[in-house]
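Hi there,

Here is the structure I promised to pass on.

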Amino acid sequence: MPASVASRRPASKPATTPAALGPQLPNPALAIAYDEARRYVQLRLRSLPHGGLRSTCTAFGFPYTTSVGLKTGSLQREEYRLVQKHLRVFGFETELVRLYVNGQLCEHYLFADAALLATLREQLAAHEQLVS
């Protein structure tokens with residue numbers, strides 16, 4: 001085979017090992033389900049002062065009507081991205097991932113570290129204790 005033909009072949013890619021995939025897989029211990037994240041956002045939205053939701057939506061470009069539905073619990077469907085955007089505004093940077101729960105793929109919010117997740121859960125528990 002001529003040298004010019006051999007040099008045109010694409011270089012073979014290195015085989016992906018399970019060890020190389022490890023850091024890419026989401027850690028379920030750092031994830032919360034949609035319902036828990038929605039409850040947290042709902043409680044935070046309810047704690048805004050009168051008119052605060054409209055100004056927050058305007059400032060961050062959120063859809064006002066859908067955010068009101070999120071606040072009141074009257075959404076007709078799950079709003080995964082909107083919940084994630086509100087979490088970000090409240091200081092919780094997350095990644096939306098799908099994890100298996102009882103054999104079904106469900107949306108979860110993956111936190112970068114356990115401290116942020118613990119903070120959210122502490123705040124959620126404190127808010128829920130106040131309203132109970």
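**What I found**

Going along the sequence, the pattern of the protein is α-α-β-α-α-α-α-β-β-α. That makes seven helices and three strands; both are DSSP runs, numbered from the N terminus, with at least four residues (H or I) for a helix and at least two (E) for a strand.

Before you dig in: this is a predicted model, where local features need pLDDT of at least 70 and side-chain atom pairs count only at pLDDT 80 or more, while totals for chains, interfaces and linings use all residues. Residues are numbered from 1 along each chain as its sequence is written, and side-chain values use heavy atoms, with hydrogens and water left out.

Of the 132 residues, 29% count as buried (under 20% relative accessible area; exposed is over 50% and partly exposed in between, with a 1.4 Å probe and protein chains only).

Look at helix H3 (residues 34–46) and helix H5 (residues 64–72): their axes come within 8 Å and cross at roughly 105°. The axes are lines fitted to C-alpha atoms over the stretch in contact, and angles run from 0 to 180 degrees between N-to-C directions. H3 and H5 are therefore roughly perpendicular to each other (that label covers 65 to 115 degrees; under 35 is roughly parallel, over 145 roughly antiparallel, and the rest oblique). On the H3 side the contact (heavy atoms within 4.5 Å) involves Arg-38, Val-41, Gln-42, Leu-45 and Arg-46, and on the H5 side Ser-67, Leu-70, Lys-71 and Thr-72.

**Rings**

There are five aromatic pairs in the structure. Rings of Phe, Tyr and Trp (its six-membered ring) pair if their centres lie within 6.5 Å; planes under 30 degrees apart are stacked, over 60 edge-to-face, and the rest tilted.

One of them is Tyr-40 with Phe-92, an edge-to-face pair at 5.5 Å centre to centre with 90° between the planes. Tyr-40 is in helix H3 and Phe-92 in the loop between helix H6 (80–89) and strand S2 (94–101), so this pair ties together parts 52 residues apart in sequence. Both Tyr-40 and Phe-92 are buried. Together with Phe-90 and Phe-111, they form one aromatic cluster.

Phe-60 and Phe-62 are another pair: their ring centres are 5.9 Å apart and their planes at 25°, so they are stacked. Phe-60 is partly exposed, at 49% relative accessibility, whereas Phe-62 is buried, at 9%.

Happy browsing!
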